[in-house]
Amino acid sequence: MVKEKIFCANCLNCIVIRQYESEPDRYVLRVRCMKKKWVKRSGEEKLYKYFTVARRIMDDCDGYAEAGELYPYIKNLRKELPIKDEIYSTRE
Ligand code: SF4
């Protein structure tokens with residue numbers, strides 16, 4: 001039997017955060033694994049760009065907490081995600 005892959009986007013431990021850059025009212029969106037499963041080679045926590053969240057796929061994960069039905073959620077998410085990293089402003 002083929003084991004289904006795990007989409008982090010459908011896990012309660014995958015959260016979206018604002019990351020403020022040089023200007024205090026401008027930010028980008030990043031995704032974080034609350035279980036700290038995403039790490040750089042250096043051992044530091046890795047954050048991913050929000051628009052790539054649908055690509056965060058694990059073969060297996062003991063921290064996975066299913067948020068809901070995967071389909072059609074993941075399909076709709078792919079359609080709604082920005083196509084590139086975007087800068088947002090708190091002023092608008
Ligand atoms: S706990 Fe596992 S499945 Fe959930 S976001 Fe982290 S890496 Fe992905």
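S89 touches D25 and R26, where residues up to four places away in sequence are not counted and contact means C-beta atoms, placed from the backbone, within 7 Å. The model is predicted, so that local features need pLDDT of at least 70 and side-chain atom pairs count only at pLDDT 80 or more, while totals for chains, interfaces and linings use all residues. Residues are numbered from 1 along each chain as its sequence is written.

- S89 lies in strand β6, residues 88-89, strands being DSSP runs of E with at least two residues and helices runs of H or I with at least four, numbered from the N terminus.
- S89 is exposed, because 9 other C-beta atoms lie within 10 Å, the classes being buried at 20 or more, exposed at 12 or fewer and partly exposed in between, with C-beta atoms placed from the backbone.
- K36, in the loop between β3 (26-33) and β4 (48-49), is likewise exposed, with 11 other C-beta atoms within 10 Å.
- The C-alpha atoms of S89 and K36 are separated by 28 Å, and the two residues are 53 apart along the chain.

**Backbone geometry**
- Most residues other than glycine have a negative phi, and most peptide bonds are trans.
- K36, although not a glycine, has a positive phi of about 55°.
- Y71 and P72 are joined by a cis peptide bond with omega about 5°, and P72 is placed in the loop between β5 (57-58) and α1 (73-80).

Definitions and conventions
Contact = placed C-beta atoms within 7 Å.
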